[in-house]
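Let's take a walk through a protein model together.

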Number of protein chains: 2
Amino acid sequence: MRKLKLVLLVGDGMGDRPVPSLGNKTPLEVASTPNLDEMARRGRVGLMDVIAPGVPPGSDTAHLALFGLDPFEWYEGRGPFEALGVGAELDQGDVALRGNFATVKEENGKLIVVDRRAGRKVPEAEELVKTLNEKLNKVKDVEVRFYHATEHRLAVVLHGPGLSDEVSDTDPHEVGKPVALSKPLKDTPEAKKTAEILNEITLKSYEILKDHPANLERVKRGLPPANIVLLRGAGMMRKRLPKLQELFGIRAAAVGATALVLGVAKAVGMDIYVPKGATGGIDTDYRAKAREAVKLLEDYDMVFVHLKGTDAASHDGLVEEKVRMVEALDYIAGYIMDYYDGEAVFAVTPDHATPLTVKEHTGDPVPVLLYAPTQIPDEVGEYNERSAIKGSLRIRGKDLIRLMVNYANRAKKFGA
Amino acid sequence: MRKLKLVLLVGDGMGDRPVPSLGNKTPLEVASTPNLDEMARRGRVGLMDVIAPGVPPGSDTAHLALFGLDPFEWYEGRGPFEALGVGAELDQGDVALRGNFATVKEENGKLIVVDRRAGRKVPEAEELVKTLNEKLNKVKDVEVRFYHATEHRLAVVLHGPGLSDEVSDTDPHEVGKPVALSKPLKDTPEAKKTAEILNEITLKSYEILKDHPANLERVKRGLPPANIVLLRGAGMMRKRLPKLQELFGIRAAAVGATALVLGVAKAVGMDIYVPKGATGGIDTDYRAKAREAVKLLEDYDMVFVHLKGTDAASHDGLVEEKVRMVEALDYIAGYIMDYYDGEAVFAVTPDHATPLTVKEHTGDPVPVLLYAPTQIPDEVGEYNERSAIKGSLRIRGKDLIRLMVNYANRAKKFGA
């Protein structure tokens, strides 16, 4: 039997509740989605508890589930995923942190935070990271690596023996306060050692960055210098996650622009592609994502496309923009269908609901769509929160990829 | 409240996908099944994930689930079930193997395999097994027992202290090769001892069988002598499975002809009945199974009837034969209904789908039917994959027997 490709399309935070300004309809109900509805007509629709009923997923736990791993078993915090998502390599036992380029001034022998984000726009970040990786690549017996994410954001990875993630931040999380001293949160040699390393990194980063030519230039132009790296959110990669290749025998690629989500994808063995113009915002070039997906499907068994804009619009309460981003996902679906209809199993789903009336993730069941030429369709011909109630699927997030693999004729038998 | 009987009818691999030559209907949709549809009309229909969504079950794991045991918790390989299914008794710690009567010749002091199945037809098998059980019933301090399955097939059980199933086969799995030497697959005294025992069994079986009168007679008639036992697929019964009597207080009987499935039934405490004419193939005497079931229901609380023909037809891609085997299951259902309608809880289900277009087990949800006089019916009046989508049941395989026990007024309260 012929094996089919797998296409997983995720509209981040796409699920919603009735929106008063939309006549108590949802963005999925209001948006024009001819391609999603066509897939619904020929496939199955239903409700999915991404984690468990009523549990609001984070984007990281949600995607772990969508990739087939039970987040209750595998999730260990966002740190390592963020780092993976911006290109870091992580071994078991490594500690990952989020870092900010920030602006500090010396005052009475103390370093006081003036701007936690160094003005947010730091086009010199790549250059500064390069300098840090040259001059601050080792503290004690531990290797230190810096990775630029976006704007003022960094990932910092510690690689070496005897580390811990049970340490407090050097980021004081408040302007006007002195740079914080990282402290061990448990009385272990590992936590003590790691806290010392974080303090040394933060202080040395100031020594290295304060007179860096790029910062002297920024000051000359009246911009806040990016003269220190503040650290927060230590997380350790304790377990090696199983890879999709091992679980299902599939080679998968991820298309998106959101570090956290791409990091989860990388952690389960996907190759990461960020098309030019993909931003992780509502200004993203979603057409570029569609083209990238079709291109990748030539070589990969599975492509996962992540659209963050639906969630970004939701957190900001932007109704029209959310509707527009739903239509962007419909465009992506239609574009890929033009090439792979009949050759692939398609799944479309939010990773969670972010209702416009709430502006936060909620634990509502999400509408899920599964379309495969090998599957008997149900009688629901629209894809939205209301039609999904009448649909036939009733699954958990971690079941979705297994159903996709099954209808792609790729599942392995359990037993004889 | 009166206790009802339980009748579980399993069409092996009966679930299917749209079949082009049936106008994209399934065998269950096309077959004439007045009895199943009548039960659907008066009962409930729905979808069942026998193991978990998208996971293709083996027949052994599937039946563990159908008998109420989570296969992820209890499954340890097919070997012990196969042996139980052909009449072996197994204690915890025993090792079971599959054996073949084969034909070897001596060449330069080596035993070279000429026919791995000794011509397949070995009507003398019972006689040869009797001789083996007399002359080869002990190796070292371990008891050895031989059981004839069908044709050239045997089960061999080792009973004694310090055994292991981490040993390689003496079956070289290829004609023209010398008989293989079993080797320990782990460096343990148990594996070493067991490998030595397997080698001794295989070599001694040749000494015992080569001049056996039945073989001299075969050679005279130009048939390949069944002059050695080749061993493979060692499996250990590590856990004692809970019995249906202990779990649900029911005495159950199994009617079928497939060793692997009957072995699972026996492992959970069912008594096994193979009616004359039951073959495990599409030529089985299904009427004999129906009669046997009705007879057994006089004495037992539950009868399980297994029909393998649906699966056999599926693996061979035989569309018309599969339709006919579905109708055979309908006959069995109707025959038992004639005697026990109103007195029993009936469940009808595949153990998994084996779509004719795939010819292998798949992880599709299967259509399940539950009919009991004590249960409020839903509004679906047909039993097939498409009607089941609209049905009310959404369960896992291991839930089914618990629902049956419940509607039979036999379930025990959990809690006070």
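Which strands of chain A does helix 3 (residues 59–66) of chain A lie across? The answer is strand 1 (5–11), strand 2 (44–49), strand 11 and strand 12 (344–350) of chain A, and the helix runs at about 160° to strand 1 of chain A.

Before going on, a word on ground rules. This is a predicted model, where local features need pLDDT of at least 70, side-chain atom pairs count only at pLDDT 80 or more, and totals for chains, interfaces and linings use all residues; side-chain values use heavy atoms, with hydrogens and water left out. Residues are numbered from 1 along each chain as its sequence is written, while chains are lettered from A and ligands numbered from 1 in the order in which they are written.

Helices (H or I, at least four residues) and strands (E, at least two) are DSSP runs, numbered from the N terminus. Contact means heavy atoms within 4.5 Å. Angles run from 0 to 180 degrees between N-to-C directions, with axes fitted as lines to C-alpha atoms, for helices over the stretch in contact.

Now for the sheet in chain A. Eight strands make an open sheet in the order 10-9-11-1-12-13-2-14, with mixed pairing (two strands pair if DSSP finds at least two bridges between them). Strand 10 (271–273) and strand 14 (393–396) of chain A are at the edges with a single partner strand each, so one side of each has no neighbour in the sheet. On average, neighbouring strands here are turned by 20° against each other, direction ignored.

Zoom in on one pair: strand 9 (residues 252–255) and strand 11 (residues 302–307) of chain A are parallel and share four bridges. There, A:A252 stands opposite A:M302 of strand 11. Helix 13 (residues 319–340) of chain A also packs on this sheet, touching strand 1, strand 11, strand 12 and strand 13 (366–371) of chain A.

Hop over to chain B, where an open sheet of eight strands has the order 10-9-11-1-12-13-2-14. Strand 12 (residues 344–350) and strand 13 (residues 366–371) of chain B run antiparallel, joined by three bridges. One residue to look for is B:F346, whose bridge partner in strand 13 is B:Y371.

How do the chains relate? A rotation of 121° with 0.1 Å of shift along its axis superposes chain A on chain B, with an RMSD of 0.4 Å (by least squares on the C-alpha atoms of residues with pLDDT of at least 70 in both). That is the relation of a three-fold axis. In chain A, the C-alpha nearest the axis belongs to A:R394, 4.5 Å from it.

On a 1 Å grid over the protein atoms alone, a cavity is a set of points where a 1.4 Å probe fits but cannot get out, and a pocket is an open set with protein on both sides within 12 Å along at least five of seven lines; lining residues have an atom within 4 Å of a point. Grid points are joined across faces, edges and corners, and a volume is the space filled by probe spheres set on the points.

The largest pocket holds about 1,100 Å³ of space. Its lining has 41 residues, and B:E82, B:T150, B:R153, B:T258 and B:A259 lie nearest its centre. As for cavities, the whole structure has five of 30 Å³ or more, and the largest cavity has a volume of about 100 Å³. Among the residues closest to the centre of that cavity are A:R44 and B:D16.
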